[in-house]
Every structure is written in structure tokens, then in C-alpha cells.
Amino acid sequence: MEAVIAVFAVLFLLFVAGGAYVTFKAVGAAKRGVDRTITQARRTVEEHTLRAKSMVQIGPAGEIAQLRLTLRTSMRATQDALYAGVAEDESLKESLGLFQRLSAHGQELDGELRRLESEPDRATLATRLPELHRRTERITESADALRWAARDRARRFADDDLDTLSTQIGVEADALRHWTRPDPAAETPPWPAAAAGPGDRQTWPEQPRSAAAEDPVQPAITPPGRPRVYPWQKKPRPESTT
């Protein structure tokens, strides 16, 4: 009886532990989903704010907002393309590592641009704009190069696979329609040559005749005939049966 109670107690503890683990995983997944939603919403709001500032504000403040918007758009597009491509092509891991190093420079520049948005000294801000433009262009050009290289690689693989598939389908289609292929053994006889004049007749080309049809078959060995008897030969004496 005590053994049965112990077994039920162990099973109960296992069910409780399993339920707690499933609950913990579900809560963690829900929390990550909420965090992603909040982050995406915050990013969307910030980008709309930057877009509005770049169109409404004039002078250095509007240019800084435009620089931030350009930087964030390029980096996010490259990040999405690389993370989507590395799941199918592991050779993009090195490109993803380079992008992560580039992202550190991009985040540093984005933080600097964010701080300069509230800079009251517009004269000093205007003097720094050319250098900020150059840094933004270098980072976005590198990100765009990685993104387009990954897309070109994926399109090249798709084109190669499509060419191979088209060739295989063509071969299979020919095999399925095998009765449409001409028989190489059957040859159509040529038409007769046209008559040169009114008195000429059309003639069909002579068909090659075999050697067996032209020459009669000669026997290989002369058939045996009646033997010739000479006068000096004696008649054969019949053998005695005794």
C-alpha cells in the first residue's frame, strides 16, 4: 500500500513540475511577444516622428532628422534581409557578422544624431553637418552593399534551380510524348525528277539492289552425277551371303 501511495505521489509531483514548466515557457513566450510588439510600436512611432520632422522642420534640425531616418531604414532593411537569408544559406553567416560590426557604428551614429536634435547652438550644428553626412553615407552604402549582395546571391541560386528544373521537365515531356518522335529507320522515297521537255518522262530513282538479286546463286559443290563406266573395268561381283 505504501508503494502505491509513493508511486501516486511521484506521478503527482511530475504532473505539477510539467505544468509549471509549460506555464513558465508560455509566460516567457508571451512576454517576448509583448516586448517585440512594444519595441516595434516604439520604432514605428519614432520613425513617423522623424519623417514628420524632416518634412516640417527646416535647417540643421530637419537635416538631422532626415539623416536618422535614412540610417535606420537602411540598417533595418539589411538586417531583415540577412537574417532571412542565413536560414537558407549558411554562407551568409560571415556577412551577418560583418553587419553586426557595422551595426555598432550605426547605433553610435544614431545616438549622436539623437542628442544633436536638441542642440540649441544651430551655428555649431551647421558646421558639423557635412561630417555627419559623410558618416551616414559610408554606413548606409556598406549596409546597402551587403543587402543587395545577399539578394543577388539568392536570385542566382533561384535562377540556377529554375534552369535545371526546366531542363528536367523538357526531358520528361519528350519521354511522355515518345510517339511523336520520327522513326529513324523509316525513310520516305524521293520524288521523281521533273521532266526537262515535253517528250521526256519522269523517272523514279533506281533503288539499290542487293548483290543476291543481281547474281544467281551458284552451288558451292557440284552435285554428284552418274559415274562413268570404262570398258576395262570389271563388273562388280556380288558379295556372297554365305
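**Helix packing around α3**

Student: Which hand is the crossing of α2 and α3, left or right?

Tutor: α2 and α3 make a left-handed crossing. That label means the near helix is turned anticlockwise from the far one by less than a right angle, with clockwise giving right-handed.

Student: Before I go on, what am I looking at?

Tutor: A predicted model, where local features need pLDDT of at least 70 and side-chain atom pairs count only at pLDDT 80 or more, while totals for chains, interfaces and linings use all residues. Residues are numbered from 1 along each chain as its sequence is written, and side-chain values use heavy atoms, with hydrogens and water left out.

Student: OK, how many helices and strands are there?

Tutor: The protein has 5 helices and 0 strands, so from the N terminus the order reads α-α-α-α-α.

Student: Back to α2 and α3. At what angle do the axes cross?

Tutor: Roughly 160 degrees, and the axes of α2 and α3 come within 10 Å. Axes here are lines fitted to C-alpha atoms, for helices over the stretch in contact, with angles from 0 to 180 degrees between N-to-C directions. That angle makes α2 roughly antiparallel to α3. The cut-offs are under 35 degrees for roughly parallel, over 145 for roughly antiparallel, 65 to 115 for roughly perpendicular, and oblique for the rest.

Student: What kinds of residues make that α2 and α3 contact?

Tutor: The α2 with α3 contact has 13 nonpolar, 6 polar and 5 charged residues. Nonpolar covers Ala, Val, Leu, Ile, Met, Phe, Trp, Tyr, Cys and Pro, charged covers Asp, Glu, Lys and Arg, and the others, Gly among them, are polar. Contact means heavy atoms within 4.5 Å.

Student: And α3 with α4, what's the geometry there?

Tutor: α3 and α4 pack at about 155 degrees with axes 10 Å apart, so they are roughly antiparallel to each other. The α3 and α4 crossing is left-handed. On the α3 side the contact includes Phe-99, His-105 and Glu-112, and on the α4 side it includes Arg-128, Leu-132 and Arg-135. The residues of the α3 with α4 contact split into 10 nonpolar, 5 polar and 3 charged.

Student: How do α2 and α4 sit, then?

Tutor: Their axes come within 9 Å and cross at roughly 15 degrees, so α2 and α4 are roughly parallel to each other. α2 passes α4 in a left-handed crossing. The α2 with α4 contact counts 17 nonpolar, 6 polar and 5 charged residues.

Student: Changing topic: what span should α3 have, and what does the model give?

Tutor: The 24 residues of α3 (residues 93-116) should span 34 Å at 1.5 Å a residue, and the end C-alpha atoms are 35 Å apart, which agrees. The expected span is 1.5 Å times one less than the number of residues.

Student: Which α3 residues are buried?

Tutor: Among them are Leu-96, Phe-99, Gly-106, Asp-110, Glu-112 and Leu-116. Buried means under 20% relative accessible area, exposed over 50%, and partly exposed in between (1.4 Å probe, protein chains only). What covers the buried residues of α3 includes α2 (60-86) and α4 (122-176).

Student: Why does Asp-110 count as buried?

Tutor: Because Asp-110 has 8% relative accessibility. Not counting residues up to four places away in sequence, Asp-110 touches Arg-68, Leu-71 and Arg-72.

Student: And Glu-112, what does that one touch?

Tutor: Arg-128, Leu-132 and Arg-135, again leaving out residues up to four places away in sequence. Glu-112 counts as buried because its relative accessibility is 13%. Glu-112 and Leu-132 are 20 residues apart in sequence and 9.4 Å apart in space, C-alpha to C-alpha.

Key:
Helices (H or I, at least four residues) and strands (E, at least two) are DSSP runs, numbered from the N terminus.
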